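Please open the model in your viewer and keep the selection panel at hand. The tour below goes from one selection to the next and says what is found at each stop.

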Amino acid sequence: MDETKERLAFKCVPERLTLGITRILESMPGVVDVRLAEREPAEKRNLLSWEQKNNCILPEDLRDFYLTTDGFTLTWNVKLDNECVPLGCMTINSVGRLQPLLQPTPLFSLPNAPSLADLDWDESSVECGLPDTSTPPHFDSRSRIFELDSCGGNGKVCLAYKNSTPGVVAQQSEIWFLDRSLCWHFLTATFSSYYRLMITHLGLPEWQYSFTPYGPSPQAKQWASLYQPRTFRSELSLTPSAGDLHLNKLDPTKAFKAKAKVPTPKKKPSTPCSLASTAKSPGSSGRPGVAKR
């Protein structure tokens with residue numbers, strides 16, 4: 001009896017983890033091969049070892065997540081012209097792959113070799129379109145950053161501990177997105193909020209760029225409008241205010257307006273009366289004029 005209860009409980013775990021998104025994806029047109037990689041829960045000693053090694057305290061919701069499953073991977077494909085094209089991917093790295101974004105400097109590296117810490121020349125938060133109230137993480141010792149998702153090479157979703165002090169245990173963390181231009185964008189304050197956000201966006205390509213001033217690529221927008229029309233429309237209503245800082249405004253009426261042509265004076269057409277008068281005038285017929293006596 002106890003074994004059957006444990007099996008039933010284990011079967012209910014994927015349904016609770018995905019919040020029923022697998023059934024929604026399978027009902028969408030063209031979606032095939034919805035796969036969830038089942039993983040065992042992480043051991044508590046591995047979580048304690050990670051915290052001692054990185055001198056950080058895992059958030060309570062992330063700790064509970066790892067005690068349920070050691071990582072998360074859900075993928076789904078689309079059938080186009082009798083071919084399966086990989087499209088959606090939702091990933092949360094396991095505890096073993098929750099590595100620091102900034103690896104320690106190798107022993108035999110050059111002394112003046114460039115690093116990501118060189119990008120922290122400006123301490124203001126206005127850079128990369130961030131508001132003044134949110135301070136982005138730093139690439140130096142002021143922040144401790146760990147990679148949650150590599151986003152298929154389109155960026156990195158990171159667990160960031162800001163305002164950390166060397167030798168002091170960091171406790172407060174946030175979820176940030178690092179794009180390919182190495183600019184930071186705030187996502188959520190907690191891991192639970194980010195997880196719901198990931199499920200809501202169905203793991204579509206470049207969905208994290210919806211929280212940037214410039215948005216995802218045109219191809220990613222087409223996929224979002226097809227499989228996520230409601231969220232895509234609501235995000236479009238928010239993009240103009242954020243995009244005004246990065247996009248040049250073009251007025252087609254002024255850019256493609258033709259120059260006004262100066263009207264040329266038209267010649268007056270000659271009338272028959274004027275022709276007759278000129279023909280009767282003296283000297284017009286070519287005969288020499290005769291003077292009257």
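Angles under 35 degrees count as roughly parallel, those over 145 as roughly antiparallel, those from 65 to 115 as roughly perpendicular, and the rest as oblique. This is a predicted model, in which local features need pLDDT of at least 70 and side-chain atom pairs count only at pLDDT 80 or more, while totals for chains, interfaces and linings use all residues. Residues are numbered from 1 along each chain as its sequence is written, and side-chain values use heavy atoms, with hydrogens and water left out.

Select helix α3 (residues 44–54) together with helix α4 (residues 60–68), whose axes come within 10 Å and cross at roughly 140°; helices are DSSP runs of H or I with at least four residues, strands runs of E with at least two, both numbered from the N terminus. Axes are lines fitted to C-alpha atoms, for helices over the stretch in contact, and angles run from 0 to 180 degrees between N-to-C directions. The two helices α3 and α4 are therefore oblique to each other.

Now show the side chains at this crossing: Lys44, Leu47 and Glu51 of α3 meet Arg63, Tyr66 and Leu67 of α4, where contact means heavy atoms within 4.5 Å.

Next, select the three strands, which form an open antiparallel sheet in the order β1-β2-β3; two strands pair if DSSP finds at least two bridges between them. Because β1 (31–36) and β3 (83–92) stand at the edges with a single partner strand each, one side of each is left without a neighbour in the sheet. Strand β2 (residues 72–80) pairs with β3 over nine bridges, and Val78 has Val85 in β3 as its bridge partner.
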